[in-house]
Amino acid sequence: MIDLLAFPLLLAAVPRAPVYSTDVAPILLQNCAGCHHAGEVAPFPLTTYEDAKKRAKLIAEVTRTRYMPPWQPSGPPHHYAGERRLSDVQIATLAKWAEVGAPEGNPAKTPPVPAYSDGWKLGPPDLTVALPKPFTIPAEGGDVYECFTVPMNLAKTRYLRAFEFRPSNRKAVHHAILFTDHSRVKLDASYPCFGTIGTLPSAGLGGWSPGNGPTRMYEDAEITVEQGSRLIAQVHYHPSGKEEQDQWQVGLYFTDKAPSKHVADVGLSSKLIDIPAGEAHYVVRDHFVLPIAVYAVGVIPHAHYVCRGMHGWATLPDGRKIDLLTIKDWNFSWQDQYRYSKPILLPEDTRVEMEFVYDNSDANPRNPHRPAQRVTWGAGVEDEMAGLHIQAIPVHMEELSELGKALWGKVMRSVGGSFYRLPATPPQ
Ligand code: HEC
């Protein structure tokens with residue numbers, strides 16, 4: 001939405017007769033071309049004047065509605081690293097350009113198209129783990145969620161500082177989430193999986209989605225990968241109308257220095273999900289009071305198709321509220337993991353909370369059931385989940401176990417309904 005109060009200011013900043021070369025190209029090359037270039041996920045390139053001119057009106061429309069660039073969180077601007085959000089001035093410039101007939105301006109002034117290399121962005125990896133043989137994505141049918149387990153064959157324990165996921169077929173892969181696993185749990189080399197990966201992994205490494213480059217671990221909180229570990233990749237594929245193949249690779253970057261910090265997963269979640277057919281506003285809540293001071297460094301939401309929106313926030317001991325994540329129009333397809341642009345200090349006794357809203361009516365375009373049916377908690381495509389994982393680094397590392405104990409207590413209370421029942425949270 002364009003902020004009307006800022007309108008006079010906004011108008012002053014928007015060129016009266018914007019041209020491609022100096023006004024529009026810088027916006028598109030910086031914010032769109034990463035996905036909109038040959039071989040990438042988006043259906044057409046947006047790297048030349050001709051590409052943009054043909055679609056000037058559509059570009060104005062998809063940016064006005066903030067459908068593009070894909071970016072789900074609202075909340076305060078510059079809250080997250082790598083935020084994909086156009087400013088109001090940029091949106092108004094694209095609108096004005098379409099309105100005045102999409103002129104080119106002086107082509108000599110058009111900035112160069114960034115060089116998109118096919119190589120590893122962080123240089124040659126210390127270890128490359130590749131899918132041993134290509135995976136076939138059927139031409140038709142629903143989305144495919146496949147988990148792959150690949151041995152890493154490490155000669156010794158290593159500390160992972162970064163990874164880059166590279167599909168061989170960028171058009172087919174919608175997103176991937178990577179884990180390491182050091183257990184002896186028997187898992188097939190490849191198996192269908194949707195809401196969970198079907199085992200408790202040793203570590204979550206983070207996710208990849210189109211338009212994102214390598215993922216770096218938090219500084220001094222590299223991930224310990226023990227000898228004998230395997231990599232588990234949960235990959236979401238999108239049937240394209242013709243049979244496709246993908247043989248992804250992951251480049252892993254290690255350091256020899258053992259980490260001095262650890263990222264704890266402060267998980268808010270609920271299994272108490274039972275949504276009657278037709279219920280358009282079903283709310284699921286959870287909260288947790290932090291026993292120690294932490295820095296919140298990132299947040300990972302999880303829900304399926306019936307979920308419409310989610311809100312996570314922290315209430316500090318002094319009453320101040322901090323937005324942790326607000327997604328008003330949740331779209332499972334653009335699942336992402338978010339990092340704060342600056343760590344957020346949450347003192348001891350901060351209450352972190354989540355509220356997820358579900359629309360199980362026929363009016364929800366993403367409802368997998370036609371007509372609507374009762375939906376309950378579960379890991380399947382037709383079930384629902386509610387999870388908000390706050391990535392937290394203790395301010396004083398020696399207090400980590402205290403946080404761990406409190407989180408464990410929370411888990412025990414939620415599964416131990418038969419011998420201990422928490423009082424229902426009063427509605428707020
Ligand atoms: C993270 C990757 C990504 C980025 C960044 C991105 N797009 Fe897209 N875009 C896509 C994908 C994927 C599709 C096709 C699927 C869809 O429509 O959701 C698409 C579709 C579109 C469409 C067609 C929509 C329709 O209704 O047919 C337009 C127009 C578009 N993008 C413009 C833009 C513009 C303008 C920007 C930058 C301001 C941008 N995109 C940034 C991935 C991206």
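Strand β3 (residues 144-151) and strand β10 (residues 230-237) pair in the antiparallel sense over 8 bridges. Strands here are DSSP runs of E with at least two residues, helices are runs of H or I with at least four, and both are numbered from the N terminus. Two strands count as paired if DSSP finds at least two bridges between them. Within this pairing, Val-150 has Leu-231 of β10 as its bridge partner.

Before I continue, please note that this is a predicted model, in which local features need pLDDT of at least 70 and side-chain atom pairs count only at pLDDT 80 or more, while totals for chains, interfaces and linings use all residues. Residues are numbered from 1 along each chain as its sequence is written, and side-chain values use heavy atoms, with hydrogens and water left out.

β3 also pairs with β6, again in the antiparallel sense, over 3 bridges. There, Glu-146 stands opposite Pro-192 in β6. Of the 8 residues of β3, 7 are buried, so this strand is largely enclosed by the rest of the structure. Buried means under 20% relative accessible area, exposed means over 50%, and partly exposed lies in between, with a 1.4 Å probe and protein chains only.

What is the order of the strands in the open sheet? The 5 strands run β6-β3-β10-β5-β7, with antiparallel pairing. At the edges are β6 (190-192) and β7 (203-208), each of which pairs on one side only. From one strand to the next, the twist averages 20°. Strand β5 (residues 173-181) is joined to β7 by 5 bridges, and Phe-179 stands opposite Gly-204 in β7.

I turn now to the helices. In helix α2 (residues 20-31), the buried residues are Tyr-20, Ser-21, Val-24, Ala-25, Ile-27, Leu-28 and Leu-29. Their cover includes α3 (49-54), α4 and α5.

How do α4 and α5 cross? The axes of α4 (residues 56-64) and α5 (residues 88-99) come within 8 Å and cross at roughly 155°. Axes are lines fitted to C-alpha atoms, for helices over the stretch in contact, and angles run from 0 to 180 degrees between N-to-C directions. The two helices are therefore roughly antiparallel to each other, a term for angles over 145 degrees. The contact, meaning heavy atoms within 4.5 Å, involves residues including Ile-59 and Thr-63 of α4 and Leu-94 and Trp-97 of α5.

Terms used
Parallel < 35°, antiparallel > 145°, perpendicular 65-115°, else oblique.
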